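Here's a quick briefing to read alongside the coordinates. Have the viewer open and click along.

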Amino acid sequence: MLPIFSSLLSPVLRPLMIRRMRFNQSEIEGVVFKIADTLEEKTAAFKLVHEMYVRRGIIPASEKNWRLSVFHLLPTTTIFVAKSGDRIIGSVSLIEDSPLGVPMEETHPKEILSLRLAGLRFAEVGALAVTQERRGKGVSLMLYNILLRWARQYRLVRNLAIAVHPRIEKFFSVIFLFKRMGPVHSYKKLNCAPSVPLCVDLSTGLKQFRAIYDRPDMHIGLSRHSANVYRFFCEEWEANLCLPQRSPFMPCLQSPPIWGPDELTWILRKGGVRPADLPRQQRRVLTKYYSSLRDPSMHTLRQEVC
């Protein structure tokens, strides 16, 4: 859809799409939305993403039964999970720009370069996955809720980028005000699925977001007393959103949990990853962050990170 037609249709489509997004609060009762800070939570998130990608037919099934990316090992990546009891039912990741770049850069290099040359602090949203029985019941919206708060308030991210299938571009452009950055390309690592690059400026976009959504008819829940879309994502704090306390008077970057040496050793061995076989830049960056990777015993494995 051409941008001019999309902008004209957005005011018409937006209320319809909001009504379809509404969910009962009871559907997320007992579900905790948090940053994954244990090995079990992270590996469960990788398994969930693998299952979803296999179900969609964009990657083949793996014997490891998880999708581990080198970007998820970086200390600037935050993995969020939705946890019901001991079970992970949803996950999404915030992957900040790093010496390795971001995942979508391989498919959309010019668009990512434009953000980098502008000197903007940006990150990619990726690896959203929700179990089939919980889809359309508020879990993905709550995951986006915690990700947006963390990105804007705790990591001071200015721009969010995302690569999506063209059929869901309308959702991100109409609801979250993302704008197309470039043409559709084939995402080679995901079975050549079509991919369109989108981006939103969190600083300027926030004012527009409030102007559109801070109204009583734009509520996100099915209850008359539920928050409107702006307050849901930007102001009111749901009790099951778990983020560290922060001081409004001394804003500063808060780091996501990093992999401990034992966790990193386990995840690499389990995945059959030998640091010596990684591309030079990946090996150099990872060993900078994790001195344990210089241990000769880590060089007895055979495969690469996907």
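Predicted model: local features only at pLDDT ≥ 70, side-chain atom pairs only at ≥ 80, totals over all residues.

Residues are numbered from 1 along each chain as its sequence is written, and side-chain values use heavy atoms, with hydrogens and water left out.

**Overall make-up**

- The protein has 9 helices and 9 strands, taken as DSSP runs (helices: H or I, at least four residues; strands: E, at least two) and numbered from the N terminus.
- Of its 306 residues, 50% are buried, where buried means under 20% relative accessible area, exposed over 50% and partly exposed in between, with a 1.4 Å probe and protein chains only.
- Take the contacts (heavy atoms within 4.5 Å) between residues at least 6 apart in sequence: 73% of them join residues at least 24 apart.

**Confidence**

- The average pLDDT, the predictor's confidence in each residue from 0 to 100, is 85, and 90% of the residues score at least 70.
- Over residues 1–5 the pLDDT is below 50, and that stretch has 3 contacts in the model beyond near neighbours in sequence.
- Residues 300–306 also stay under 50, though the model gives them 30 contacts beyond four places in sequence.

**Nonpolar cores**

- A nonpolar core here is a set of buried Ala, Val, Leu, Ile, Met, Phe, Trp, Tyr and Cys residues joined through side-chain atoms within 4.5 Å.
- The largest one holds 54 residues, and F33, F80, L160, Y213 and F233 touch the most other members.
- Helix α4 gives the most to this core, with 11 residues.
- Leaving out residues up to four places away in sequence, F80 touches K34, I35, A36, G90, S91, V92, L94, L143, I146, L147 and W150.
- Another core lies apart from it, with 36 residues that include I58, V81, W259 and V285.

**Rings**

- There are 13 aromatic pairs, meaning rings of Phe, Tyr and Trp (its six-membered ring) with centres within 6.5 Å; planes under 30 degrees apart count as stacked, over 60 as edge-to-face and the rest as tilted.
- W150 and Y154 count as stacked because their ring centres are 5.1 Å apart and their planes are at 20 degrees.
- Those two sit 4 residues apart in helix α4 (residues 139–154), so about one helical turn separates them, and both are buried.
- F176 and F233 pair edge-to-face, at 5.4 Å centre to centre with 75 degrees between the planes.
- That pair links distant parts of the chain, 57 residues apart: F176 is in the loop between α5 (169–175) and β6 (179–180), and F233 is in helix α7 (residues 229–234).
- F176 counts as buried at 8% relative accessibility, as does F233 at 2%.
- Ring pairs also build a cluster, with F23, Y144, F171 and F172 among its members.
- The charged end of K42 sits over the ring of W259, 4.2 Å from its centre; the test is NZ of Lys or CZ of Arg within 6 Å of the ring centre and within 35 degrees of the ring normal.

**A161**

- A161 lies in strand β5 (residues 159–164) and is buried at a relative accessible area of 0%.
- Beyond four places in sequence, A161 touches M104, I112, L115, A123, E124, V125, L198 and C199.
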